[in-house]
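I opened a new notebook page for this structure. The entries below record what I looked up, one topic at a time.

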Amino acid sequence: MKLKTLAWTTAATVATAAAGGVATDPQSSWYLKLRKPDWQPPALAFPVVWTALYADLAVTSAVALDRAAELDEAADSPGPVRRDHRRELRSYQGALAANLVLNASWSWFFWRSRRPWLGAAEAAVLAASSADLVRRTYRLNPTAGVSLAPYAAWCGFATVLSAAIARLNPGSR
């Protein structure tokens, strides 16, 4: 893994965490009044889990991006193979960027708009994007893809949790 790529993916995930963190307020009176499912993890679990997942995302996406770049460089002919590898690299970059935007956006939809159903819907899109990112990563580096799977699983869990909160608080705003 190249240090330059890791620096870029780390900066991107830190920016994502910061953008989401600005909108997040678990001590707000609105959130404290919401009914939550009994199976919701304790508040401390969220920053611990997200920190680990963001670190995982930065490393695994750097590995995948470097692999895609290697494939592009190795296909030294200007023909269709090279175009396919270049397309795959650009496609991965776009999928990663979209995923990071979706990740940061959830906090704004849930916390700032105070619309749990909107947050749940956005979380579902994020979960699908995360599963797609795992698939793309696996295609480029199977070990990195498997390592990224907990990120997609947690996004799926976040979708279920968001929907449960929305169900328990109809009309909440």
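Predicted model: local features only at pLDDT ≥ 70, side-chain atom pairs only at ≥ 80, totals over all residues.

Entry 1, one residue. I started with Ala128, which counts as partly exposed because its relative accessibility is 49%. On the scale I used, buried is under 20% relative accessible area, exposed is over 50% and partly exposed lies in between, with a 1.4 Å probe and protein chains only. Ala128 is found in helix α5. I also looked up its distance to Gly156, 28 residues along the chain from Ala128, and the two C-alpha atoms are 8.1 Å apart.

Residues are numbered from 1 along each chain as its sequence is written, and side-chain values use heavy atoms, with hydrogens and water left out.

I found six helices and zero strands, in the order α-α-α-α-α-α along the sequence. Helices (H or I, at least four residues) and strands (E, at least two) are DSSP runs, numbered from the N terminus. The C-alpha trace spans about 60 × 25 × 25 Å along its principal axes. Of the 173 residues in the chain, 46% are buried. I then looked at contacts (heavy atoms within 4.5 Å). Among those with a separation of 6 or more, 80% join residues 24 or more positions apart.

At what angle do α1 and α3 pack? I read about 145 degrees, with the axes 8 Å apart. Axes are lines fitted to C-alpha atoms, for helices over the stretch in contact, and angles run from 0 to 180 degrees between N-to-C directions. From α1 the contact takes in residues including Trp8, Thr9 and Thr13, and from α3 residues including Tyr54, Ser61 and Leu65. By class I noted nine nonpolar, six polar and one charged residues in this contact. Ala, Val, Leu, Ile, Met, Phe, Trp, Tyr, Cys and Pro count as nonpolar, Asp, Glu, Lys and Arg as charged, and the others, Gly among them, as polar.

Leaving out residues up to four places away in sequence, Ser61 touches Thr9, Tyr92 and Leu96.

The largest pocket has a volume of about 730 Å³. A volume is the space filled by probe spheres set on the points, which are joined across faces, edges and corners. The lining has 30 residues, and Thr24, Phe46, Trp50, Trp106 and Trp111 lie nearest the centre.

Entry 7, the second largest pocket. Its volume is about 250 Å³. The lining includes Lys2, Trp8, Leu65, Asp66 and Gln93. Which helix gives the most to this lining? That is α3, with four residues. The classes here are four nonpolar, two polar and four charged.

Conventions. 1 Å grid on protein atoms, 1.4 Å probe; cavity = no way out; pocket = protein on both sides within 12 Å on 5 of 7 lines; lining within 4 Å.
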